[in-house]
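Please report on the salt bridges and on one set of paired strands in this protein. Keep it short.

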Amino acid sequence: MGEIEGSYRPLQTPGTRLGVNSNVAVSTLEPGQSLYTAMPSSARNSKPRNMLQIRVEALDETQEVYEMESKSDGQELMTKVFQRFNLIENDYFGLEFQNLQMNWMWLEPIKPIVKQVRRPKNTLLRLSVKFFPPDPGQLQEEYTRYLFALQMKRDLLEGKLTCSENTASLLASHLLQSEIGDFDETADREHLKRNKLLPNQERLQEKIMEFHRRHMGQTPAESDFQVLEISRKLEMYGIRFHSAADREGTKINLAVSHMGLQVFQGHTKINTFNWSKIRKLSFKRKRFLIKLHPEVHGPHQDTLEFLMASRDQCKVFWKNCVEYHTFFRLMDQPEPKSKPILFSRGSSFRYSGRTQKQLVDYVRDSGARRTPYQRRHSRARISTRILGADLPKQSLSYEGLKVPGSPSSATISFHSLHASSTPPCPEPALPPTPLQEDPGKGTPQPLHSFQGISMDNPQLSPFALKSHLTLSPSFQMSTLSLPGQVPSPLQSPVLSEVGTARLDEEEEGRKKRYPADKAYFIAKEILTTERTYLKDLEVITVWFRSAVIKENAMPEGLMTLLFSNIDPIYEFHRGFLKEIDQRLALWEGRSNAHVKGNYQRIGDVMLRNMCSLKEFTSYLQKHDEVLTELEKATKRLKKLETVYKDFELQKVCYLPLNTFLLKPIQRLMHYKLILERLCKHYTPDHQDYSDCKDALKEVAEMAAQLQSSLIRLENFQKLTELQRDLIGIESLTASGREFIREGCLFKLTKKGLQQRMFFLFSDMLLYTSKGVTASNQFKVHGQLPLHGMIIEENENELSVPHCFTIYSAQRTIVVAASSKVEMGKWIEDLNLAIEMAKMSQEVSNLFLDNSVCDQSNRSSDEVSLEQESEDDTHSSHSSLDKQTHHRANTTMHVCWHRNTSVSMSDHSLAVENQLSGYLLRKFKNSNGWQKLWVVFTNFCLFFYKTHQDDFPLASLPLLGYTVSTPAEADSIHKDYVFKLQFKSHVYYFRAESEYTFERWMEVIKSAASATGRMSLLIPKKTKEMNGN
């Protein structure tokens, strides 16, 4: 038998270890013949009578035979299959087979195989996804997402995932990108000719290729994720039909999903019964019964009955329902039902496995995650039935075979090659070659291949490999990835100050590769802010949707209104982001697409997409209705209010939730400002000037059309945010009321000057105090109407710096600001608001309840009242207690701690100046620079590891900070560095270019210092001129 040189050594037998002489014999085998092949076929095929040979088909259509004992139960076979594929999140999967009636059945874990599969030898079982989660983001393993994508591929081909031709073509294009990489017309046609992705593929081939052209630079992992993202929004996602009939005999289809039971007529969903509405599921002979809670059915019957073809089909569907309900709705696996002593009543069937929550907790907490699973595009034009599958890490150790960085194991993974019937074979590491380098690492990646292997042989053994392994021209691909060497595309690298010594040199080298033109960095700002914008949309389209669906908290009508408006916008911007990313890749020269042309411009991409964006204006105009209806529903429905508040406490919701609904309109303003900078930079004869000018014209028209709507929505959003954070005021969102300014002032009381938070509106002035309650809210102590109010500056009379007196119809108060600038802003805005109130024909009658008004009128009681509120640690609003840490970054809390104020125009300016991108950060006393993805919005810097992360690691409120360039004493000898400082807190940030440095300085100055923020007066006049 042949050997791999350096991989094996002869093993000693017990006899040789005891000193027995080895037998000398003469071989009668022909040259090249082994003992196994020389044996008669009858002897080779003989096996113990109590063993079963069961064929299992993987999701990539490869088959493998497993030997099981005849008494084995389903769990033993499933365990073997899951171990073979190294599946960690295996509870999402199951084994299915067709019974004698050709209906697909799930293999039950606790029953013997022979009692379920009548003819195991002739039956093909296949690995399939059993439980389809509503959000693919819940799948924590990249390998699991890859298998889910293969399931979508199978469902598309079998006609189970029905969708429009356009959607089917888009899904097929992502699968094509995953399998062969970037668009190449010849390669695409060849691959589609050999592989069938859709039933009507020939007719849609051109459309598939057109979509594929847009996915340039997309990794296999990203393609898989896109397949799942598109699929989960389809009505037939994860749906398996079970034929039935209703009481009238109408033919229907029943299906079970994560949210409950669904009823279809043909392929049209006609009803849904959520788990929360169902009291009991049962079956009696051929009748399937759904018992609803009394409050659900109303005057109608509380039991729904469906007739199925047989009792067996009825029981199969009932079991599926039990398993789905347990997996998605229960926290823990139910206890098995004890067997009765004498008589049994009903079925003892229970779901055996982990629930989704248990599975997520296990993967997250147990440290069971494997070494990052790496896949690469392969254009190998060989049979897809050879070599190893896209398997995760297989630990293989051989004496004499050592891989650097892993003394006893190598991670072997193949992309777009199907599994063989044996595990992948070990490969000795070749010396590194300069042909393949990872630009982000600086260390070359090894290339490996197989030579001398029969491509028609589906089985590979160590003896089929020759000792002289060289690179085969017919099969070149990177197959070996060392643990920790190349991160998975969907895993963020850990960022710390350890190991950052080479960061400066790497950054310098990277900068030299980037274009030096200012237009490139302006275009890159579009890309970086678009990434953040898309993540913001996902807070609504993915995360919030998942939260309300899980709790069944939102009415169907509101669900349709909300998501039918934002989903098309989200899909458009996903495509736009890819197009921008591809253009920047070509501009930088880092794309692997072999295309020619001048791509150092962005105007054509912007013009094309701004014209397309005009089609979504009707959706944007409905955002006013969406925001209003959502607010009404949260007040009306306690369950939705609870889900809403709990969701705002999650890390992913780093801003007030309704803020994210304004992002699509605000994004138009960003496009307008960036295109204005591009047009200002270009000369009129530049090749990109004309397209940029036309794109600016298109987006300016949309922005002007939606400007008044944006002003109204921003005001409504601010009022609803304050409504949740203030105790003691009702109906703050009254019609006609406008928010003007919020901030900290010191109010003169019997105990002296005490800090208070003031809120100025177009019809009244509120002052509040922040108690020490766990809810971290502000309690209203007084409400002063603006009608008849007089402001008088009198700091000289009272000898209190920066103080002024407010005379109202109810009472008189004396307040002091933290600085002369702050006092000027308050007096200016108060006088302007008073003038507006005089001109207004309607004076708001919405005041506090009488008890609060009476207390605010009695100055003698005010101090004791305020003292009580500050000492009150038992707030009645216990549902908001959890908001302590999360809501500490809201503007009012920052104003309170920094003794400053913010106007509505400041908020609008901050919206226009949103910015994001990679920066290097350095602390005052640290040595190394740390690379972070930084997002500026809402007067804060939010820090992420990478732009792919779903929630920030930390945030830095900028109100009160000063921004400047480092002084000589700071010893910062780098270009494009700016310094942030508040008292003793000092941070240094380093940008990649002069333009980026200037932009960060500009936006931070607009938010940080009081002098950088504008007064309300000028924007207010502008609004009046616009007709608001």
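The text below takes the charged pairs and then the strands.

This is a predicted model, in which local features need pLDDT of at least 70, side-chain atom pairs count only at pLDDT 80 or more, and totals for chains, interfaces and linings use all residues. Residues are numbered from 1 along each chain as its sequence is written, and side-chain values use heavy atoms, with hydrogens and water left out.

**Salt bridges**

A salt bridge here is a side-chain nitrogen of Lys or Arg within 4 Å of a carboxyl oxygen of Asp or Glu. The count by this rule is 49 salt bridges. Three of them are listed here.

| glutamate 992 | lysine 524 | 3.2 Å |

Take the pair of glutamate 992 and lysine 524, a salt bridge at 3.2 Å. Glutamate 992 sits in the loop between strand 28 (985-990) and helix 30 (994-1008), and lysine 524 sits in helix 15 (residues 518-551), so the pair ties together parts that are 468 residues apart in sequence. Helices (H or I, at least four residues) and strands (E, at least two) are DSSP runs, numbered from the N terminus. Both glutamate 992 and lysine 524 are buried. Buried means under 20% relative accessible area, exposed over 50%, and partly exposed in between (1.4 Å probe, protein chains only).

Arginine 724 is buried at a relative accessible area of 15%. Glutamate 631 is buried too, at 8%.

How enclosed is strand 7 (residues 251-257)? Of its 7 residues, 6 are buried, so strand 7 is largely enclosed by the rest of the structure.

Two strands pair if DSSP finds at least two bridges between them. Strand 6 (residues 242-245) runs antiparallel to strand 7 over 4 bridges. Serine 243 faces asparagine 253 of strand 7.

Strand 8 (residues 260-265) pairs with strand 7 in the antiparallel sense over 5 bridges. Alanine 255 has glutamine 262 in strand 8 as its bridge partner. The hairpin from strand 7 to strand 8 passes through 2 residues.
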